Amino acid sequence: MGRGVAAVVWLFVVFGCVHSLKLSPCKGGTYEQSWQYTSYLLDEISVSYCDSRTDCFCLDCGECTEGVVPSTLSCKPSIPDKPQRWVLTGSVIESSGSRHYCLSTVGDAEGASLIMMECRVDDFLQQWYYDSASSFIVHNATGLCLDATPETASCFTTPFSSYPYCSPSVDPTVRAQDLVSRLTLEEKCLNMWSRAGGAPGIPRLGVPFLRYSEALHGVCTDCGATYNGNTGCPTSFPHALALGATFNRTLWTTIGEMISTEARALYNQDIAGLLLWAPDINLFRDPRWGRGQEVPGEDPYLTSEYATYWITAMQNTTAPDPVNGLYLKSVPTAKHYADYDLDSWLIYDRSSYNALVSEDDQYNYYFPPFQAAIQRANLRSIMCAYNAVNGVPSCANNEFMNEVARGEWGFEGFFVSDCNAVSEIFSSHHYTHNYDETAAAAVLSGCDAACDKFFGEHLPKAVRDGAVPESALDAAFVRVWTQVFTLGELDTPSLVPWSTYGPEQVDSPEHRQVALEASQQSIVLLKNDNILPLSKTTRVALIGPHFNATQDMLSIYRGTNTLVEDHSPEKAIKSLIGNANVVGTAMGCQLSGDDTSGFAEAVSVASAAEVALVFVGLHPGQGGGDAREDEGHDRLDISLPGQQLPLIQAVFGTGTPTVVVLIHGGQLAVEWLIENVPAIVDAFYPGELGGDAIASVLFGDVSPSGRLPYTVYDADFVNRRKMTDQSIKDNGGITYLYYQSTPLYEFGFGLSYTTFDYQLLSSSVSKFSTEDLEAQLERDHSVVTNYQVKVTNTGPVASDVSVLGFITGNGTTVPFRKLFGFDRVSMLQPGASTIVTIPLYTESLAISKQTTNGRKLSIPCDMERIIEIGSPKPATSSLLLYC
């Protein structure tokens, strides 16, 4: 999703009486149609009606941005607030609080609701006149009056309760079909519109405002009501990249369940939506990508597993429903389809970027996470991306949306565009010739909802001109609203299992504990020359721009969070070892910039300590200079930015043993650190309790068990390869699958405070016919063989361990190494052993290739491939594949 889209859309249910607005036949004797203008400064007025001498209600547009549904609120005294200031420009009623947005109707039928839209002097939906004799505000095109009579329409009142779309006993798709049959063309188009956080609904039919929310690593909203000492703010778990580093399917499931629980609780407080724009399952192909922090990693299999377990948990299709056995707890939206991994690099910008991707790379690397989400998790919603692929903008790509996702993979849900991605089909990609053609191209190519104004503005004309059959529009509407009905948003609350969730479900002790454990499990120990863990009596100095990090630990797309302010690394370490053992703190330098004036203080503090802990890294979101990694901003350099490395060198030069803690998302080239400092700890963006997690690892309460979800390249990598090179194999290769040089750290690397031995219990040699395996592949994608490995803790401390299984290859027809399975063992005690089973599935041996009979999965033969399970000293087995 793009910047500038409100994470929360308020319903204006605040102080004072609230009435909705609609068009009704003009009639005398009703105060809700008797409007008065009151002039204020310059050309500004308020528009109000009164039902007594003291109770007056003013036309109010809330945030006054596009897509907001205006209402009436109690008039503010004296000069009114901006939402109640208006300007008459010709025959349009323009908001003074947010210029260029005007009062508009949703269609031209009786009962049509009102909405704020960009002002257009020639739009008949925005034309009004004031009848001073009757005090009516009349809609030019219809002769109907602006009416604020309280709206009582809902699915719980007659006659609406008898309509099929209001009946929980009717199939959700049939309900959506019944609803669309009752709508005007304009109502259909506006309710395929998701700007300003949602669609306006259809008040005349009792259909409420439809909200969307972000939820990448927690619900991205403001806080709700507090309960029993909690903050009321949504839990901010570690970002997806850190969660990928845990290699823990159970954890992903738990967090998915908790995020959807909080979404339901915040939805019940009118704060969040249930259509959730997450997860991001693009692949972290290039280390410069600013949004790499949003995804689980660079590997298709890891990301497919993450998507499958996280989406399944978010949807929670286990609750009973009268029709099909299910209500959905939420509808997650997998994004961004397809090949989106560049935001803004040099002259290239995502809004106009054309990714050149071979068909082999498409099917073997970029597509698999989306295919898995559809076929294994029954994904209901996908977001199409900003970029074009091979000349076709993603949100106008009929091949990708209709032929591949729906045709090949069986996708039955809906596509929604990223914000402004539909408009940019024309304005940035120049793929179409005008706006109406753009809207038509998106719908006909399979895009069902748009996070911009184009569907509401341009689809009606496209339909009337014959560019889009209204039946295609109806089908798109039905695909979206079928999922709305599966959420139970229009149903009696007693039927919906989560309707009683309230503030007690948000920021609960259980959610905080999982946030802490997730952060602990994600931390990767990159280097340790027997200095860690530290004794809790060690006198330490806390140095660096991230030693007191708070909001930066939350990554981007974070909800409001106050808890993190009390859990910085500084506060957590002082709490754990006592203030007396922290000899001092010094920032030393900022994350970026050339200022070294703080070095002297940092050196002084380090000299007084037994160990110097230096916290450095990057900055998520706006600001941060060269340290910024963010949506809309890719890095040019993957080294530590600014004066952070010279700061570390100055501290190291004191002779005080130096431990470096990295707080960041994207890869950092740390060659000097690897060669010099005794320990490096990678914490990623660890979430609201990240400081506690870091402290627990540094001082030995927890043994680190995270493994890198990406490859760490040397600093010169950015000079050897263009970010626009989408090939995985060519020009030196990229990602651990095909990278032809030696990286600083390999995908899957991670040390521990203990050691592990891996012993293969099954045969050391396996032999299979590829013909038999391909026949098996076409039948059921079943297991080729199960590798049983005895894992023994041969070291001094209890620890978790992630056991990863790789299969080797030649780096040409198949990858050099490929992850095919993993499992996580919890708290294996010193001297203890456990048996881990890693299945090898047929698709892990296969590659997708074009044949004379079309594209198919095939397994290369006459090749010996080595199975490696565990690290750094894996158990191995030979796999012989013959023709």
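**Rings, pocket and strands in a predicted model**

Mentor: In this predicted model, the charged end of Arg 817 sits over the ring of Phe 806, 3.9 Å from its centre.

Trainee: Which residue lies over the face of Tyr 163, and at what distance from the ring centre?

Mentor: Arg 182 lies over that face of Tyr 163, and the distance to the ring centre is 4.0 Å.

Trainee: Let us turn to ring pairs. How many aromatic pairs does the structure hold?

Mentor: There are 41 aromatic pairs in the structure. In one of them, Trp 252 and Phe 822, the ring centres are 6.0 Å apart and the planes stand at 70°, so this pair is edge-to-face.

Trainee: Which elements hold Trp 252 and Phe 822?

Mentor: Trp 252 belongs to helix α4 (residues 249-267) and Phe 822 to strand β37, so the pair ties together parts that are 570 residues apart in sequence.

Trainee: What about Phe 411 and Phe 415: how are their rings arranged?

Mentor: The ring centres of Phe 411 and Phe 415 are 5.2 Å apart with the planes at 70°, so the pair is edge-to-face. Phe 411 and Phe 415 are both buried.

Trainee: Back to Trp 252. Which residues are linked with it into a cluster by ring pairs?

Mentor: The cluster joins Trp 252 with Phe 247, Tyr 301, Tyr 306, Trp 310, Tyr 736, Phe 747, Phe 806 and Phe 822 through ring pairs. Phe 806 is also the residue whose ring has the charged end of Arg 817 over it.

Trainee: Now the largest pocket. What volume does it have, and how many residues line it?

Mentor: Its volume is about 1400 Å³. The lining of the largest pocket comprises 48 residues, and those nearest its centre are Pro 368, Gln 371, His 781, Glu 843 and Leu 857.

Trainee: How does that lining divide by class?

Mentor: The lining of the largest pocket has 22 nonpolar, 16 charged and ten polar residues.

Trainee: Which strand gives the most to it?

Mentor: Strand β37 (residues 817-828) does, contributing six residues to the lining of the largest pocket. Strand β37 is also where Phe 822 lies.

Trainee: Moving to strands, why is β15 described as largely enclosed?

Mentor: Five of the five residues of strand β15 (residues 210-214) are buried, so the strand is largely enclosed by the rest of the structure. Leu 210, Tyr 212 and Glu 214 point one way from β15, while Arg 211 and Ser 213 point the other way.

Trainee: In which sense does β15 pair with β14, parallel or antiparallel?

Mentor: Strand β14 (residues 198-199) and β15 run antiparallel and are joined by two bridges. Arg 211 in β15 is the bridge partner of Gly 198.

Trainee: And with β16, parallel or antiparallel?

Mentor: The pairing of β15 with strand β16 (residues 275-277) is parallel, over three bridges. Here Tyr 212 has Leu 275 in β16 as its bridge partner.

Trainee: What is the strand order in the open sheet that contains β22?

Mentor: The order is β20-β22-β23, three strands with mixed pairing. Its edge strands are β20 (354-355) and β23 (392-393), each pairing on one side only. Strand β22 (residues 388-389) pairs with β23 in the antiparallel sense over two bridges, and Ala 388 stands opposite Pro 393 in β23.

Trainee: A word on the backbone. What is the omega of the peptide bond from Ala 278 to Pro 279?

Mentor: Omega is near 5°, and that bond is cis. Pro 279 is in the loop between β16 and α5 (300-315). The bond from Ser 871 to Pro 872 is cis as well, with omega near 10°, and Pro 872 lies in the loop between β41 (863-869) and β42 (875-882).

Trainee: What is the phi of Ser 135, and what is that of Asn 420?

Mentor: Ser 135, although not a glycine, has a positive phi of about 65°, and Asn 420 has a positive phi near 75°. Ser 135 is in the loop between β11 (128-131) and β12 (136-139), whereas Asn 420 is in the loop between β24 (414-417) and α9 (421-427).

Trainee: How accessible are Ser 135 and Asn 420?

Mentor: Ser 135 is buried, with a relative accessible area of 11%. Asn 420 counts as partly exposed, at 26% relative accessibility.

Terms used. Residues numbered from 1 in each chain as written. Predicted model: local features only at pLDDT ≥ 70, side-chain atom pairs only at ≥ 80, totals over all residues. Heavy atoms only, no water. 1 Å grid on protein atoms, 1.4 Å probe; cavity = no way out; pocket = protein on both sides within 12 Å on 5 of 7 lines; lining within 4 Å. Points joined across faces, edges and corners; volume = space filled by probe spheres on them. Helix = DSSP H or I, 4+ residues; strand = E, 2+ residues; numbered from the N terminus. Nonpolar A, V, L, I, M, F, W, Y, C, P; charged D, E, K, R; others polar. Phe/Tyr/Trp six-rings, centres within 6.5 Å; stacked < 30°, edge-to-face > 60°. Buried < 20%, exposed > 50% of the residue type's maximum accessible area, 1.4 Å probe, protein only. Lys NZ or Arg CZ within 6 Å of the ring centre and 35° of its normal. Pairing = 2+ DSSP bridges.
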